[in-house]
Amino acid sequence: MDPEAVAKAFVEHYYSTFDTNRANLANLYQEGSMLTFEGEKIQGSHNILAKLTSLPFQHCQHSITTVDCQPSAVNAAMLVFVSGNLQLAGEQHALRFSQMFHLIPTPQGSFYVLNDIFRLNYA
């Protein structure tokens, strides 16, 4: 398993799904998962999905600038750090963002998100 390839594939899947149908992100989280969104801590897949689907915009487009990954000490888990731009429909300027994922392998051979931290970067 090439960590760089896994990170790249995860990032492509996550953001294309977020941009087209956020509700389909549900299977990436479990009940022990935690999202920190702009400082607000949310735990559990149901609560995380409720937060993501209730954001005050329906359409957006992520443009990824960097993807960095490291192996984690936990059974082939990985840390993935993403930076990029977020273009909201009807807005002239894109917003800069950073997001960190802690990916944990599943017995089925895929990964789920244990930890997810999202921040807008104001310059």
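Analyst: A residue is buried if its relative accessible area is under 20%, exposed if over 50%, and partly exposed in between, with a 1.4 Å probe and protein chains only. This is a predicted model, in which local features need pLDDT of at least 70 and side-chain atom pairs count only at pLDDT 80 or more, while totals for chains, interfaces and linings use all residues. Residues are numbered from 1 along each chain as its sequence is written, and side-chain values use heavy atoms, with hydrogens and water left out.

User: Why is C69 called buried, and what is the value for C60?

Analyst: C69 has a relative accessibility of 16%, which is under the cut-off and therefore counts as buried. C60, with a relative accessible area of 8%, is buried too.

User: How many disulfides does the model contain?

Analyst: A disulfide is a pair of cysteine sulfur atoms within 2.5 Å, and by that rule the count is 0.

User: How do you know how far to trust the model, and which element has the lowest confidence?

Analyst: The guide is pLDDT, the predictor's confidence in each residue on a scale from 0 to 100. The protein averages 94, and 99% of its residues score at least 70. Among the elements, which are DSSP runs numbered from the N terminus (helices H or I of at least four residues, strands E of at least two), α1 has the lowest mean confidence, 95, and β2 has the highest, 98.

User: What makes a group of residues a nonpolar core, and which residues have the most contacts inside the largest one?

Analyst: The residues must be buried Ala, Val, Leu, Ile, Met, Phe, Trp, Tyr or Cys, joined through side-chain atoms within 4.5 Å. The largest such core has 31 residues, and Y14, L52, V80 and F101 have the most contacts inside it. Two or more residues come from each of α1 (3-20), β1 (29-37), α2 (45-53), β3 (60-71), β4 (78-88), β5 (95-105) and β6 (111-121), with the largest share, 7 residues, from α1. In soluble globular proteins, nonpolar side chains tend to be buried together.

User: What does F101 touch, leaving aside neighbours within four places in sequence?

Analyst: Contact means heavy atoms within 4.5 Å. On that basis F101 meets F10, Y14, Y15, M78, L79, V80, V82, V113, N115 and D116.

User: Why are β2 and β3 called edge strands?

Analyst: Two strands pair if DSSP finds at least two bridges between them, and the resulting open sheet of 6 strands has the order β2-β1-β6-β5-β4-β3 with mixed pairing. β2 (40-43) and β3 each have a single partner strand, so one side of each is left without a neighbour in the sheet. Neighbouring strands are turned by 15° against each other on average, direction ignored.

User: Is I48 buried or exposed, and how do you know what it touches?

Analyst: I48, in helix α2, has 0% relative accessibility and therefore counts as buried. Not counting residues up to four places away in sequence, I48 touches Y29, S33, M34, L35 and I42. The C-alpha atoms of I48 and L35 are separated by 6.5 Å, although the two residues are 13 apart along the chain. L35 lies in strand β1 and is itself buried, at 1%.

User: Why is E38 not called buried?

Analyst: E38 has a relative accessibility of 29%, so E38 counts as partly exposed. E38 sits in the loop between β1 and β2 and has a positive phi of about 55° although it is not a glycine.

Note on methods. Axes are lines fitted to C-alpha atoms, for helices over the stretch in contact, and angles run from 0 to 180 degrees between N-to-C directions.
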